[in-house]
Amino acid sequence: MIPDRLSSAFQTAAKGLAVQRERINVASRNIANVNTSSVEGSKQGYRPQSVRSAAPQPTNFRRALTQSMGSLNKTREQHLSPRMPVNNNVERQSLGPNYTIAEKDNFRYEYEPNHPDANEEGMVRYPDIDMVEEMTNIVSANRMYEANLSSIEAEKEIMKRSLQI
């Protein structure tokens, strides 16, 4: 089993991969549903989505230090100050970004009087999706996904070289 201090880089990169994968999925769904019409006032129509990511909740340094020292072995009492108790039952800090998917109520209207979803004025409601923005999101998420993969490969190489010493 890899100690927590060593696997934290993998955990952080894995959460980053999950966020970027979801950004690509959301942008793909938005592009696929750009021409999906719905009746005005209906909740069944497609709503444009976006991914909101946030950093993990900040913790103070002393708490993070105490958590990381939880697995250290003490050979003498002087090694750790009595003011810094070691608690192995402390809840682990969440590593990497968190995300949520938000739906927007942005719609555009087009005049199509013969469309089955047209209202009394002949207007049809479509999700207001900017194709350029969605394609940019896909390219950006793909680049960040590759960067997270590179960090995993670098960490694997560091671990491999440290075992050769």
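**Entry 1: the fold.** I began by reading the elements of the protein chain from the N terminus on, and they run α-β-α-β-β-β-α. That comes to three helices and four strands, where helices (H or I, at least four residues) and strands (E, at least two) are DSSP runs numbered from the N terminus. I note that this is a predicted model, in which local features need pLDDT of at least 70 and side-chain atom pairs count only at pLDDT 80 or more, while totals for chains, interfaces and linings use all residues. Residues are numbered from 1 along each chain as its sequence is written, and side-chain values use heavy atoms, with hydrogens and water left out.

**Entry 2: the chain as a whole.** I looked up burial and found that 25% of the 165 residues of the protein chain count as buried, buried being under 20% relative accessible area, exposed over 50% and partly exposed in between, with a 1.4 Å probe and protein chains only. The protein chain exposes about 11,700 Å², of which carbon and sulfur atoms supply 52%; the areas come from the Shrake-Rupley method with a 1.4 Å probe, and for residues only the protein chains shown count as cover. Among contacts (heavy atoms within 4.5 Å) between residues at least 6 apart in sequence, 71% join residues at least 24 apart.

**Entry 3: strands E3 and E4.** Strand E4 (residues 123-127) has four of its five residues buried, so the strand is largely enclosed by the rest of the structure. Strand E3 (residues 107-111) pairs with E4 in the antiparallel sense over five bridges, pairing requiring that DSSP finds at least two bridges between the strands. Within this pair I placed Phe107 opposite Pro127 in E4.

**Entry 4: Ala147.** I located Ala147 in helix H3, where Ala147 is partly exposed, with a relative accessible area of 47%. The C-alpha atoms of Ala147 and Ala13 are separated by 9.0 Å, although these residues lie 134 residues apart along the chain.

**Entry 5: the second largest pocket.** I recorded a volume of about 150 Å³ for the second largest pocket. On a 1 Å grid over the protein atoms alone, a pocket is an open set of points where a 1.4 Å probe fits, with protein on both sides within 12 Å along at least five of seven lines, and lining residues have an atom within 4 Å of a point. Helix H1 (4-32), strand E1 (49-54) and helix H3 (131-164) each supply at least two residues of the lining, and the largest share, four residues, comes from H1. Among the lining residues I listed Arg23, Asn30, Gln49, Lys104 and Glu133.

How values were computed
Grid points are joined across faces, edges and corners, and a volume is the space filled by probe spheres set on the points.
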